[in-house]
Amino acid sequence: MKNNVANILTLIRLILVPAFIIAIWYNKPLTALVLFTFAGLTDAVDGYIARKFNQVTLLGKILDPIADKTLLVSAFLFIFNSQLSIKFPFWFVVLVISRDVYILAGSVLIYLVKGSIKVNPTVFGKATTFFQIATVIYILLANINLNLYNDFVYYGLIGITFLFMVLSTMTYTYYGFKQLGMVK
């Protein structure tokens, strides 16, 4: 198999997750921010490279969402359970994880019923990922410099992220029902 830059970037993102978790555990928000931001950038770049240079592979289609979800769920869980001063609200962490479990369970159900599944990211799904990443970055920045914390920004980001989580969940549910032939 020839080298595939997109898949290598996805693997780098997966490898960065434990380093990010360790930085959070040891209360090193600057290190965590650098690792998380770099990992987030690999997400944007690997997709671009895969499409632009015709490097889309089955492995990449499987690994990319796994890497994304591993990074984001780890960020929400470990920041919430950290010694950092500013964290996510418990309800928010529960809903982030529940959404991902719901979408994964729905995907497995569709695969078991139909024998295949079409996975197409939606604009709401991409917006959810973007705002989840932005929210994690803001939380880390606010923990690096407490003067950056602002209630309006904090609750605004959480609210916008929550809104896109709801919209993307509804959209993926609709497309799931459509694949199962339950809606036209």
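Helix axes are lines fitted to C-alpha atoms over the stretch in contact, and the angle between two of them runs from 0 to 180 degrees between N-to-C directions. The exercises below concern a predicted model.

**Exercise 1.** Determine how α2 and helix α5 are oriented relative to each other.

*Solution.* Two packed helices are described by the angle between their axes and the distance between the axes. For α2 and α5 (residues 123-144), the packing angle is about 160° and the axes are 9 Å apart. Angles over 145 degrees count as roughly antiparallel, so α2 is roughly antiparallel to α5. As to handedness, α2 passes α5 in a left-handed crossing.

**Exercise 2.** Locate Asn27 and Asn54, and decide whether each is buried, partly exposed or exposed.

*Solution.* Asn27 belongs to the loop that joins α1 (5-25) to α2 (29-52). Its phi is near 60°, a positive value in a residue other than glycine. The relative accessibility of Asn27 is 38%; since this lies between the limits of 20% and 50%, Asn27 is partly exposed.

Asn54 sits in the loop between α2 and α3 (58-80). Phi of Asn54 is also positive, near 55°. With a relative accessible area of 68%, above the 50% limit, Asn54 is exposed.

**Exercise 3.** Identify the surface patch that includes Leu109, and explain why Leu109 can belong to such a patch.

*Solution.* Leu109 is a residue of helix α4 (residues 90-114). Together with Leu104, Val108, Tyr111, Leu112 and Val113, Leu109 forms a nonpolar surface patch of about 630 Å² of accessible area.

Definitions and conventions: Residues are numbered from 1 along each chain as its sequence is written. This is a predicted model: local features need pLDDT of at least 70, side-chain atom pairs count only at pLDDT 80 or more; totals for chains, interfaces and linings use all residues. Side-chain values use heavy atoms; hydrogens and water are left out. Patches are made of residues with over 30% relative accessible area and no salt bridge: like charges are joined within 9 Å, nonpolar side chains (Val, Leu, Ile, Met, Phe, Trp, Tyr) within 5 Å. Accessible areas come from the Shrake-Rupley method with a 1.4 Å probe; for residues, only the protein chains shown count as cover. A salt bridge is a side-chain nitrogen of Lys or Arg within 4 Å of a carboxyl oxygen of Asp or Glu. Helices (H or I, at least four residues) and strands (E, at least two) are DSSP runs, numbered from the N terminus. Buried means under 20% relative accessible area, exposed over 50%, partly exposed in between (1.4 Å probe, protein chains only). Angles under 35 degrees count as roughly parallel, over 145 as roughly antiparallel, 65 to 115 as roughly perpendicular and the rest as oblique. A crossing is left-handed if the near helix is turned anticlockwise from the far one by less than a right angle, and right-handed if clockwise.
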